[in-house]
Amino acid sequence: MADMSTPVTPTTAHPATPHTFTQRFSSTPRGARLARRLAALQLDRWGVAYGSDLADAATLVVAELAANAVTHGRVPGRDFELRLTRVPGAVLRIEVSDARGESRPSLPEGLTAPTADDLSGRGLLLVGALADRWCVRDRVPVGKTVCAELDLRRRP
């Protein structure tokens with residue numbers, strides 16, 4: 001019989017075990033703000049310190065992708081989804097999915113810089129500057145997912 005006073009030491013995960021956070025949000029500006037805030041909190045829980053360069057870059061990418069999902073991917077009554085995946089020492093993947101598959105952003109090579117008079121069009125340029133790569137893919141059964149990856153090997 002085990003001694004109940006002896007603390008049980010939990011087994012530690014393999015260092016390369018991916019950590020995942022997934023949450024759905026209302027397709028509203030408030031939902032986009034909440035996605036950014038919860039992403040920052042989750043990254044801090046994973047050891048990516050709040051206010052660090054990596055945390056700031058990742059939360060800005062989340063903010064831009066969530067804002068795009070709310071602005072361009074909104075379908076009334078449908079949420080958008082944020083998924084963060086961190087493979088320690090390898091990559092942080094940010095995925096934002098919405099229900100409008102026909103409304104796809106231009107791929108990185110197709111983006112053009114907005115003029116000084118343009119009121120929008122800078123978000124994906126920021127994503128392209130902060131992420132090591134990004135893409136758009138179909139979401140099954142409906143919609144699209146915009147993915148951005150930050151290589152952790154290149155960042156402190």
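Which side chains meet in a salt bridge at 3.5 Å, N to O? They are those of Glu 81 and Arg 24, where a salt bridge is a side-chain nitrogen of Lys or Arg within 4 Å of a carboxyl oxygen of Asp or Glu. The pair links distant parts of the chain, with Glu 81 in strand β2 and Arg 24 in strand β1, 57 residues apart. This is a predicted model, in which local features need pLDDT of at least 70, side-chain atom pairs count only at pLDDT 80 or more, and totals for chains, interfaces and linings use all residues. Residues are numbered from 1 along each chain as its sequence is written, and side-chain values use heavy atoms, with hydrogens and water left out.

**Confidence**

- The protein chain has a mean pLDDT of 82, and 76% of its residues reach 70 or more; pLDDT is the predictor's confidence in each residue, from 0 to 100.
- Over residues 1–13, pLDDT stays under 50, and the model has zero contacts there beyond four places in sequence, a contact being heavy atoms within 4.5 Å.
- Where pLDDT is low, the predicted coordinates should not be read in detail.

- Helices (H or I, at least four residues) and strands (E, at least two) are DSSP runs, numbered from the N terminus.
- Strand β1 covers residues 19–25 and pairs with β2 in the antiparallel sense over seven bridges; two strands pair if DSSP finds at least two bridges between them.
- Phe 21 has Leu 84 in β2 as its bridge partner.
- Strand β3, residues 91–98, pairs with β2 in the antiparallel sense, also over seven bridges.
- Val 87 stands opposite Val 91 in β3.
- The hairpin of β2 and β3 has three residues between the strands, and Gly 89 in this hairpin takes a positive phi near 75 degrees.
- Strand β2, residues 80–87, is mostly covered, six of its eight residues being buried; buried means under 20% relative accessible area, exposed over 50%, and partly exposed in between, with a 1.4 Å probe and protein chains only.

**Helix α1**

- Helix α1, residues 29–45, has 17 residues and reaches 25 Å from its first C-alpha to its last, close to the 24 Å expected at 1.5 Å a residue; the expected span is 1.5 Å times one less than the number of residues.
- The buried residues of α1 are Gly 31, Ala 32, Ala 35, Ala 39, Ala 40, Gln 42 and Leu 43.
- What covers these buried residues includes β1, α2 (53–72), β2 and β3.
- An α-helix has 3.6 residues a turn, so residues three or four places apart point the same way.

**Salt bridges**

- The structure holds seven salt bridges.
- Arg 137 and Glu 95 meet through their side chains in a salt bridge of 2.4 Å, N to O.
- That pair links distant parts of the chain, since Arg 137 lies in strand β4 (residues 133–138) and Glu 95 in strand β3, 42 residues apart.
- Arg 137 is partly exposed at 37% relative accessibility, while Glu 95 is buried, with a relative accessible area of 8%.
- Arg 133 forms a salt bridge with Asp 151, their closest N and O atoms being 2.5 Å apart.
- Because Arg 133 lies in strand β4 and Asp 151 in strand β5 (residues 144–151), this pair ties together parts that are 18 residues apart in sequence.
- Arg 133 is partly exposed, with a relative accessible area of 38%, and Asp 151 is buried, with a relative accessible area of 14%.
- A network of salt bridges links Arg 93, Arg 133, Glu 149 and Asp 151.

**Cysteines and the cis peptide bond**

- A disulfide is a pair of cysteine sulfur atoms within 2.5 Å, and by this rule the count comes to zero disulfides.
- The sulfur of Cys 135 is 4.4 Å from the closest cysteine sulfur, in Cys 147, which is too far for a bond.
- Cys 135 is partly exposed, with a relative accessible area of 33%, whereas Cys 147 is buried at 5% relative accessibility.
- The peptide bond from Val 140 to Pro 141 is cis, with omega near 10 degrees.
- Pro 141 lies in the loop between β4 and β5.
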